[in-house]
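The entries below follow the order in which I looked things up.

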Amino acid sequence: MNEEHYFETISEYKLLAKHEVGQNFLVDKTSAKRIVDLLQIEEGDHVLEIGSGAGSLSYYLSFHSNPITLIDIDEGLVTKLKNDFASHQNIEVLQANALKYDISSFTKIVGNLPYYITSSLLERILLCGTSCKIASIMVQKEVFSRLSSHPKQDGYGPLPILISYLTTIRKEFVVPRSFFLPAPHVDSLVFTLTFNKNASHEVAVSLYRFLNALFLHRRKTILNNLSSFLADEEKAKSALLEAGIQENKRPEEIDLKGYLSLLSILHSSK
């Protein structure tokens, strides 16, 4: 399949892009290849592409002989991809909702995530992608600073903390808006998540549930939020004291280590 011709056909799909589901088709060949290369696909890998669209990343995935699954919610684009890769026995193309699709068996995950469900899709990759080793993800540029934020920074909360527990997040490169058709209003950014082999899925699920409860009222102190969560102020005070966390701190001032310590103390006291 000729590279130049393939990307010309993608450009022709710009008039069919659906704004309501965040469709902007990447037409820059170099960027598409770099995104796929970041997966470091090896023998034994099972690859998933989320939101395959018109096939920019799929084209470079097709160079590999690994089992590859392409999913998209758009029936017309799924038909296109099935035709494009009909001769590739290792490539499965499915019409599916990534928020409901079982991703637990995939070791490498790639995708250009729509802005309006970026957080939900990342939650699913982190909590349900239990076999994943590396994810290569593209998002709107301004989203990355929130995902990689630290205590006291804008956007710091449950999702960035979960990311820091389960993975190493790395900024890779910016993809200008002019590299898409139709062109979006903002630039995009590619980052990788390299999963920590020593992280516990069970702890991750408990931690994320715990964090969402403690960040429910961001302007309240950690003591107030923990007291509400436990329905016991004295128990909350005791746990914070043992964890070495000041009662008057707010949730966004506490780091991953502090939350893991607090979670461990509460579990051991049950």
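Which charged end sits over the ring of phenylalanine 7? I found that of lysine 29, placed 6.0 Å from the ring centre; a charge sits over a ring here if NZ of Lys or CZ of Arg is within 6 Å of the ring centre and within 35 degrees of the ring normal. I also looked up arginine 34, whose charged end sits over the ring of phenylalanine 173 at 3.8 Å from its centre.

Before going on I noted that this is a predicted model, in which local features need pLDDT of at least 70 and side-chain atom pairs count only at pLDDT 80 or more, while totals for chains, interfaces and linings use all residues. Residues are numbered from 1 along each chain as its sequence is written, and side-chain values use heavy atoms, with hydrogens and water left out.

Aromatic rings. I took rings of Phe, Tyr and Trp (its six-membered ring) as paired if their centres lie within 6.5 Å, with planes under 30 degrees apart counted as stacked, over 60 as edge-to-face and the rest as tilted. By this rule I have 13 aromatic pairs. In one of them, tyrosine 6 and phenylalanine 7 are edge-to-face, because their planes stand at 75° with the centres 6.1 Å apart. Phenylalanine 7 also pairs edge-to-face with tyrosine 59, at 5.9 Å centre to centre and 80° between the planes. This second pair links distant parts of the chain, since phenylalanine 7 lies in helix 1 (residues 3-11) and tyrosine 59 in helix 3 (residues 56-61), 52 residues apart; helices (H or I, at least four residues) and strands (E, at least two) are DSSP runs, numbered from the N terminus. On burial, I used under 20% relative accessible area for buried and over 50% for exposed, with partly exposed in between (1.4 Å probe, protein chains only). Tyrosine 6 is buried at 2%, and phenylalanine 7 is buried at 4%. Ring pairs join Tyr6, Phe7, Tyr59, Tyr60, Phe63 and Phe85 into a cluster.

Helix 10. In this helix (residues 233-243) I found Ala236, Ala239, Leu240 and Ala243 buried. Seen down the axis, the buried residues fall within an arc of 100°, so they line one face of helix 10; the arc is that of the directions from the helix axis to the C-beta atoms. The face turned away from that side carries the exposed Glu234, Leu241 and Glu242. Helix 9 (222-230) and helix 11 (256-268) are among what covers the buried residues of helix 10. Just after helix 10, glycine 244 takes a positive phi of about 75°.

Cores. A nonpolar core is a set of buried Ala, Val, Leu, Ile, Met, Phe, Trp, Tyr and Cys residues joined through side-chain atoms within 4.5 Å. In the largest nonpolar core, of 56 residues, Ile50, Ile109, Phe191, Leu226, Tyr259 and Leu262 touch the most other members. Apart from this core I noted another, of 31 residues, including Leu38, Val78, Ile91 and Val110. Leaving aside neighbours within four places in sequence, leucine 226 is in contact (heavy atoms within 4.5 Å) with residues including Ala236, Ala239 and Leu240.
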